[in-house]
Amino acid sequence: MTFSICVREAYETDDGDSHRRFGVAVTTRLPGVGTLCPFVSERGAIATQSLVNVELGERGLEYVEDGLAVDDALEALLNADDGAPQRQLHGVDSEGTFAFSGEECVDWFGHLERETFTVAGNMLTGEDVLEATAADYEANAVHETTDRSTGPGAVVADAETEPLAKRLIDALAAGDLEGGDKREGLAVQSAAVVVDSTESHEWEPPYNDLRVDATETPIDDLRETYDLAMTGYEDTLERYSDVFESDSLAEVGE
């Protein structure tokens with residue numbers, strides 16, 4: 001019913017500070033996938049799907065935040081889950097990756113596990129969906145390098161890279177072009193993208209947590225929502241940056 005991608009990126013800012021960011025993007029031919037599948041923090045990213053068990057995502061992320069390796073955390077949860085043969089579960093933390101597809105998931109199903117990201121899906125038209133998603137992300141990954149295009153740096157005219165949220169949406173689009181979810185009889189669909197980072201800003205980017213819960217064109221609508229959020233972020237920074245610097249509403253206009 002779903003395909004998704006979980007990623008980890010390590011980068012440096014211009015001032016030499018090292019950071020990590022994590023993200024999940026997901027789409028399915030059912031409404032409300034953003035409420036069920038993606039779980040992200042500044043310590044890791046997890047997606048739970050197929051016959052969804054939300055607790056796997058919630059508790060898995062809690063374990064990762066407590067310092068347990070993502071593979072140990074998710075394997076332990078699956079070992080205690082009687083429904084494991086019908087689950088798909090994958091994710092990343094600061095050091096590793098994990099991916100699992102239960103043998104009772106509906107064809108086509110499977111997963112890919114790379115050094116810094118994982119991709120998984122079920123009820124797909126074929127493996128090409130995952131391969132295309134992975135290839136698009138990998139071609140645009142920003143990892144182990146200086147990234148000036150974060151937070152307010154993402155809205156300048158000469159930004160060198162796209163924010164992770166945008167690149168994850170593009171990866172979903174690439175997978176969808178290969179066929180995506182095979183259930184053409186289900187018109188109402190959904191998509192979501194969630195990103196978190198160890199880096200902080202006075203005004204956090206609103207495009208890092210977006211959902212389209214019910215539509216017939218989920219990825220196009222998620223991209224449009226992203227574009228609007230980016231425009232709103234740029235307008236906010238332009239109009240209210242002095243307010244944050246002074247920590248005062250005295251200069252706020254109409």
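## Helix H4

Helix H4 is followed by Gly-179, a residue with a positive phi near 130 degrees. Helices (H or I, at least four residues) and strands (E, at least two) are DSSP runs, numbered from the N terminus. The model is predicted, so local features need pLDDT of at least 70 and side-chain atom pairs count only at pLDDT 80 or more, while totals for chains, interfaces and linings use all residues. Residues are numbered from 1 along each chain as its sequence is written, and side-chain values use heavy atoms, with hydrogens and water left out.

H4 covers residues 164–177, a run of 14 residues. From its first C-alpha to its last it reaches 20 Å, close to the 20 Å expected at 1.5 Å a residue; the expected span is 1.5 Å times one less than the number of residues. Twelve of the 14 residues are buried, so H4 is largely enclosed by the rest of the structure. Here buried means under 20% relative accessible area, exposed over 50%, and partly exposed in between (1.4 Å probe, protein chains only). Among the buried residues of H4 are Leu-164, Leu-168, Ile-169 and Leu-172, as well as Lys-166, Arg-167 and Asp-170.

## Strand S1 and its partners

Strand S1 spans residues 2–12, and ten of its eleven residues are buried, so S1 is largely enclosed by the rest of the structure. Two strands pair if DSSP finds at least two bridges between them. With strand S2 (residues 18–28), S1 pairs in the antiparallel sense over eleven bridges. The hairpin of S1 and S2 has five residues between the strands, and Gly-16 takes a positive phi near 90 degrees there.

S1 also pairs with strand S8 (residues 117–122), in the antiparallel sense over six bridges. Ser-4 stands opposite Val-26 in S2 and opposite Ala-120 in S8. Strand S9 (residues 145–146) pairs with S1 in the parallel sense over two bridges, and Tyr-11 stands opposite Thr-145 in S9.

## The surroundings of Thr-48

Thr-48 lies in strand S4 (residues 44–50). Its relative accessibility is 0%, so Thr-48 counts as buried. The side chain of Thr-48 reaches the backbone oxygen of Asn-53 at 3.2 Å.

Contact means heavy atoms within 4.5 Å. Leaving aside neighbours within four places in sequence, Thr-48 is in contact with Leu-36, Cys-37, Phe-39, Asn-53, Val-54, Leu-56, Gly-57, Gln-88 and Leu-89.

Definitions and conventions:
Polar contact = N/O pair within 3.5 Å; in protein donor to acceptor, adjacent residues only side chain to side chain.
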